[in-house]
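Okay, thanks for making the time, everyone.

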Amino acid sequence: MDGLSFTIFQIGHGENDADYNFCGYSFGDRDHKTPQHVWMEFPYLCVLIKHPKEGYLLYDCGPGLGAQDGRRSPESCRINPAFIRREEFIDLQLKKLGVSVGEIR
């Protein structure tokens with residue numbers, strides 16, 4: 001589609017056991033009955049879509065405000081901790097791109 005564009009940017013990162021993201025990542029078998037778990041770091045990504053008729057849209061905006069300090073349950077923070085610096089929040093990422101929050105549909 002003419003005029004359709006995408007920008008992908010990172011909004012911090014998370015960490016967890018690889019099995020949490022990829023079911024069966026370290027499953028056992030007959031010869032390896034006790035697989036080792038793998039703790040991994042992964043980026044939170046957000047996609048800014050510029051549609052020629054609809055304007056700006058955001059897709060998969062990450063965990064958002066409060067992800068590190070109480071919005072999520074203690075259990076969720078223990079299993080899947082989030083690390084987001086203020087300069088990585090969506091409003092500032094959009095500002096770097098010259099897009100205001102009010103322009104998002």
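So, the largest nonpolar core: there are 16 residues in it, and Phe9, Ile11, Leu48 and Leu94 have the most contacts inside it. By nonpolar core I mean a set of buried Ala, Val, Leu, Ile, Met, Phe, Trp, Tyr and Cys residues joined through side-chain atoms within 4.5 Å. At least two residues of this core come from each of β1 (5-17), β2 (39-51) and α3 (90-96). β2 gives the largest share, five residues.

Quick housekeeping before I go on. This is a predicted model, so local features need pLDDT of at least 70 and side-chain atom pairs count only at pLDDT 80 or more, while totals for chains, interfaces and linings use all residues. Residues are numbered from 1 along each chain as its sequence is written, and side-chain values use heavy atoms, with hydrogens and water left out. Helices (H or I, at least four residues) and strands (E, at least two) are DSSP runs, numbered from the N terminus.

Back to the core, then. What does Leu48 touch, once you leave aside neighbours within four places in sequence? The list is Ser5, Phe6, Thr7, Phe9, Tyr56, Leu57, Leu58, Leu94, Leu97, Val99 and Ile104, with contact meaning heavy atoms within 4.5 Å.

Now the sheet. Four strands make an open sheet, in the order β3-β2-β1-β4, with antiparallel pairing. Two strands pair if DSSP finds at least two bridges between them. The edges are β3 (55-59) and β4 (82-83): each has a single partner strand, so one side of each has no neighbour in the sheet.

Let me go through the pairings. β1 and β2 run antiparallel and are joined by eleven bridges. If you want to find them on screen, Ser5 stands opposite Lys50 in β2, and Asn16 has Met40 in β2 as its bridge partner. Lys50 also stands opposite Tyr56 in β3. β2 and β3 pair antiparallel over five bridges, and they form a hairpin with three residues between them.

Next, aromatics. How many aromatic pairs does a search of the whole structure find? One. It's Phe42 and Tyr44: the ring centres are 5.5 Å apart and the planes sit at 85°, so we call the pair edge-to-face. For the cut-offs, rings of Phe, Tyr and Trp (its six-membered ring) pair if their centres lie within 6.5 Å, and planes under 30 degrees apart count as stacked, over 60 as edge-to-face and the rest as tilted. Phe42 and Tyr44 are both buried. Buried here is under 20% relative accessible area, exposed is over 50%, and partly exposed is in between (1.4 Å probe, protein chains only).

On to the cysteines. Searching the whole structure turns up zero disulfides, a disulfide being a pair of cysteine sulfur atoms within 2.5 Å. For Cys46, the nearest cysteine sulfur is that of Cys61, 4.1 Å away, and Cys46 is in no disulfide. Cys46 is buried, at a relative accessible area of 0%. Cys77 is partly exposed at 23%, and its sulfur is 19 Å from the closest cysteine sulfur, in Cys61, which is too far for a bond.

Last stop, the loop between β3 and α2 (74-79), which is where Arg72 lies. Is Arg72 buried or exposed? Buried, because its relative accessibility is 15%. Its side chain reaches the backbone oxygen of Ser76 at 3.0 Å and the backbone oxygen of Asn80 at 2.5 Å. Those are polar contacts: a pair of N or O atoms within 3.5 Å, where, within protein, one must be able to donate a hydrogen and the other to accept it, and residues adjacent in sequence count only if both atoms are side-chain atoms. Not counting residues up to four places away in sequence, Arg72 touches Gly66, Ala67, Cys77, Asn80, Pro81 and Ala82.

Arg71 is in that loop too, but at 52% relative accessibility it counts as exposed. Its C-alpha is 27 Å from that of Tyr56, 15 residues away along the chain.

And one more from the loop between β3 and α2: Asp60. Asp60 isn't a glycine, yet it has a positive phi of about 55°. For background, most residues other than glycine have a negative phi.
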